[in-house]
Amino acid sequence: MRSHNVGLVLRQLVRDALVGDGELSRADLARVTGLARSTVSTIVSELIEAALVSEGPATASRGGRPPIALRVERDRYHIIGVELGASHVTVVRTDLLGGLLGQASADHPVQSDPEGSIRLVAQLVEAVCPAPLQGRVLGLGLAVPSPLDPARPGLLSDRILSAWAGVQPGERLHALLNMPIFMENDANLGVLAESWWGAGVGLDDFAYIKVATGVGAGLFINGAIYRGASGLAGEIGHTAIDPAGPRCRCGLNGCLEAMIGSGALAERARQSLASHPGTRLRAAALDLPSLIAAAHDGDPLAGPLIGRAGFDLGVAIANLLNLLNPGVVVLGGTLASAGEALLGPLRLAMADRSLFTSLASTAVLLSPLGDEAIALGAAGLVLQQALDAPERLLFAAQATAAR
Ligand SMILES: [Zn+2]
């Protein structure tokens, strides 16, 4: 109960620091949390003693003693966020509130090389967080390109990532780095990042779709990540768009990912090169960024190819809207940078297929968080865990104070 109340107070202060005016007083906290003023005062004293919160200047008096604004000491703890992509690793170090303090990234064949990937993560963590700072690290959030089944804790899906069968990346990183590790599916952390810092701030029901090498969705329902019974919720990349379509890496045919994942788009471009003599695309350099750049310049092959991907994605989003009715859909990942070349056909498909005009008008927004969105979400996971179990923040604070 007490832990719950501490979390309640701290969550309000964090939210106020991120999207409010930073002027919350003890009386404001009592009002917004519904806790007794004496309870709030005791909790705030404890947070101040742990150096997690400090008192700012007195704010304008509304009669009586002027209230004192309370601030989260955002530099008190640092957080490490890691994105294991299909073919790259990104590591960020943030302060307690997700402010970016350091970043490192490297290309790596993550899908096929678990051992090398784990070593690379450890190296990049050492690079963004030198040893003197490691005592201040609250934890490491790890985003993985795989659904996580609670019945198989610590393991990735061997159907999606066969090379990782039997490998427990969380345990391995804990042994190498000696910090608490929290692991979550990458798209789920995309939706979490949007809810803390991006296009989903203040929204209780919205979806995030990441379109890059793989395609996945994170669902935010009633103010929390929705994982489903066995962690497979949001696997929009493996919903069927064309059952007679190309083979997907999951073994099925015509999945969304097999239609619009970056490998699928490059392959389709390669097959069409001969029939489009006017294209500037060259077989030697067919990757998603070059397809997008060519589409922006009106290339006769790349433009329609990205448009078709937008239409297919729009069909999948229309299905999602008809099932879950999210208020907003946020698009992230490399393909989202195609902008209008993608969004125009996407909106057409949505308008055609959504059942009600209110669904057809659901806003589709591009993620404002950039390339670090997923790694930032991984840091957000550690923040979320700390707010859910704030005694760890207090104990960790006492432990460092005693040192
Ligand atoms: Zn599939």
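The buried residues of helix H10 pack against helix H9 (262–272), H11 and helix H12 (340–353), where helices (H or I, at least four residues) and strands (E, at least two) are DSSP runs numbered from the N terminus. The structure is a predicted model, in which local features need pLDDT of at least 70 and side-chain atom pairs count only at pLDDT 80 or more, while totals for chains, interfaces and linings use all residues. Residues are numbered from 1 along each chain as its sequence is written. The protein chain has 15 helices and 12 strands. Its radius of gyration is 23 Å, close to the 22 Å that the globule rule gives for 403 residues, so the chain is as compact as a globular protein of that length; the radius is taken over C-alpha atoms, and the rule is 2.2 Å times the number of residues to the power 0.38.

**Overall architecture**

- The C-alpha trace of the protein chain spans about 75 × 50 × 40 Å along its principal axes.
- Domain 1 covers 2–72, domain 2 covers 78–187 + 373–402, and domain 3 covers 199–368, with bounds that come from an automatic or database domain assignment.
- The C-alpha centres of domain 1 and domain 3 lie 43 Å apart.
- Of the 403 residues in the protein chain, 45% are buried; a residue is buried if 20 or more other C-beta atoms lie within 10 Å of its own, exposed if 12 or fewer, and partly exposed in between, with C-beta atoms placed from the backbone.
- Among contacts between residues at least 6 apart in sequence, 63% join residues at least 24 apart, a contact being two residues whose C-beta atoms, placed from the backbone, lie within 7 Å.

**The five-stranded sheet**

- An open sheet of 5 strands is ordered E10-E9-E8-E11-E12 and has mixed pairing, where two strands pair if DSSP finds at least two bridges between them.
- Strand E10 (224–225) and strand E12 (363–366) stand at the edges with a single partner strand each, so one side of each is left without a neighbour in the sheet.
- E8 and E9 pair in the antiparallel sense over 6 bridges, and they form a hairpin with 3 residues between them; Val-211 stands opposite Val-215 in E9.
- E9 is joined to E10 by 2 bridges, with the two strands running antiparallel, and Ile-221 stands opposite Ala-224 in E10.
- In the hairpin of E9 and E10, which has 2 residues between the strands, Asn-222 takes a positive phi near 50 degrees.
- Strand E11 (residues 328–332) runs parallel to E12, to which 4 bridges join it, and Val-328 stands opposite Ala-363 in E12.
- In E9, 6 of the 7 residues are buried, so this strand is largely enclosed by the rest of the structure.
- Helix H7 (residues 186–197) lies across strand E8 (206–211), strand E9 (215–221), E10 and E11, and runs at about 50 degrees to E9; axes are lines fitted to C-alpha atoms, for helices over the stretch in contact, and angles run from 0 to 180 degrees between N-to-C directions.

**Helix H10**

- In helix H10 (residues 288–296), the buried residues are Leu-288, Leu-291, Ile-292, Ala-294 and Ala-295.
- Seen down the axis of H10, these buried residues fall within an arc of 165 degrees, so they line one face of the helix; the arc is that of the directions from the helix axis to the C-beta atoms.
- After H10 comes Gly-298, whose phi is positive, near 75 degrees.

**Loop residues with positive phi**

- Most residues other than glycine have a negative phi.
- Asn-178, which is not a glycine, has a positive phi of about 55 degrees; this residue is in the loop between helix H6 (169–177) and strand E7 (181–185), and is exposed, with 9 other C-beta atoms within 10 Å.
- Asn-325 likewise has a positive phi, near 50 degrees; the residue is in the loop between helix H11 (302–324) and E11, and is partly exposed, with 15 other C-beta atoms within 10 Å.

**Thr-90 and its surroundings**

- Thr-90 is in strand E4 (residues 88–95) and counts as buried, with 23 C-beta neighbours inside 10 Å.
- Not counting residues up to four places away in sequence, Thr-90 touches Glu-83, Ser-105, Glu-372 and Ala-375.
- Thr-90 and Thr-239 are 149 residues apart along the chain, and their C-alpha atoms are separated by 28 Å.
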